[in-house]
Amino acid sequence: ACVTKEIDIAMDKDLDELGQRDFYEKFLMQLHPLYLDIETTGFKVDETRRDDLVKKYIEWDERLRYELFHLVGEEINANSPLQVKQLLADYGLATKKGTGEEELTTLLNSSRLKDETHRKVIEMILEHRRVRKTISTYLMALPDFDGRMRTTYYLCPETGRTSTGQ
């Protein structure tokens, strides 16, 4: 309790010094009830629409795998850093930093990448990763017992931005 009081005093001083007390008290602190209501209520899942989206994304995923197989000449797991690194090495495009989205996007924008087939392969790897992420994280997420999806919001007092957790 003593530490909390010291933090509150320091934060009060910072708010006044930065001239942000009105913003904090009249905006940020008012968000809590709104987000609490959203967390408690959740949103109803339209199972028919969800099934349609699952079908669409799985077909998209299969099409990408098929096209990637034909471009590369073998099955490749786009989410495997090892396989993507080996593929880039085979193309003479190995990166020291890795095979994440940022590195592959940098490679796409670099002058090193001249071959259009190599460009297409890298674009498809990135697209395939996004499609798989959508399927696994969003479309396959299970609703709560009452058929509603819920999340938790976290408010950042410094910026007023929010983030969610699962």
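This passage walks through the fold of a predicted model, from the overall layout down to a few single residues.

Of the 166 residues in the chain, 27% are buried. Among contacts with a separation of 6 or more, 58% are between residues 24 or more positions apart.

Helix α5, which spans residues 101–108, is a handy place to start on the interior. Its residues L104, L107 and L108 are buried. Around the axis these three cover an arc of only 105 degrees, so they sit on the same side of α5. As for what covers the buried residues of α5, the list includes α4 (81–90) and α6 (116–139).

Those two covering helices also pack against each other. Two packed helices are described by the angle between their axes and the distance between the axes. For α4 and α6, the angle is about 170 degrees and the axes are 12 Å apart. Angles over 145 degrees count as roughly antiparallel, and α4 and α6 are therefore roughly antiparallel to each other. On the α4 side, the contact is made by V84, L87 and L88, while α6 brings in V121, I122, I125 and R129. Sorted by class, that contact of α4 with α6 has six nonpolar residues, no polar ones and one charged residue.

The nonpolar interior tells a related story. In soluble globular proteins, nonpolar side chains tend to be buried together. Here, the largest nonpolar core has 24 residues, and I122 and I125 are the ones that touch the most other members. Two or more residues of this core come from each of α3 (47–72), α4, α5 and α6. The largest share belongs to α6, which gives eight residues. Zooming in on I122, and skipping its neighbours within four places in sequence, its contacts are L88, L93, L104, L107, L108 and L113.

Is H128 buried or exposed? With a relative accessible area of 5%, H128 is buried. Once neighbours within four places in sequence are set aside, H128 is in contact with D61, L64, R65 and A78.

G100 is found in the loop between α4 and α5, and at 26% relative accessibility it counts as partly exposed. Although G100 and P81 are 19 residues apart in sequence, their C-alpha atoms are 7.7 Å apart in space. In the loop between α5 and α6 there is D115, which is partly exposed, with a relative accessible area of 34%. From D115 to Y91 the separation is 24 residues in sequence and 9.3 Å in space, C-alpha to C-alpha.

Finally, T40 is found in helix α2, residues 21–41. With a relative accessible area of 51%, T40 is exposed, whereas H128 is buried. How many residues apart in sequence are T40 and R148? The answer is 108, while in space the two are 10.0 Å apart, C-alpha to C-alpha.

Technical notes
Residues are numbered from 1 along each chain as its sequence is written. This is a predicted model: local features need pLDDT of at least 70, side-chain atom pairs count only at pLDDT 80 or more; totals for chains, interfaces and linings use all residues. Side-chain values use heavy atoms; hydrogens and water are left out. Buried means under 20% relative accessible area, exposed over 50%, partly exposed in between (1.4 Å probe, protein chains only). Helices (H or I, at least four residues) and strands (E, at least two) are DSSP runs, numbered from the N terminus. The arc is that of the directions from the helix axis to the C-beta atoms. Contact means heavy atoms within 4.5 Å. Axes are lines fitted to C-alpha atoms, for helices over the stretch in contact, and angles run from 0 to 180 degrees between N-to-C directions. Angles under 35 degrees count as roughly parallel, over 145 as roughly antiparallel, 65 to 115 as roughly perpendicular and the rest as oblique. Ala, Val, Leu, Ile, Met, Phe, Trp, Tyr, Cys and Pro count as nonpolar, Asp, Glu, Lys and Arg as charged, and the others, Gly among them, as polar. A nonpolar core is a set of buried Ala, Val, Leu, Ile, Met, Phe, Trp, Tyr and Cys residues joined through side-chain atoms within 4.5 Å.
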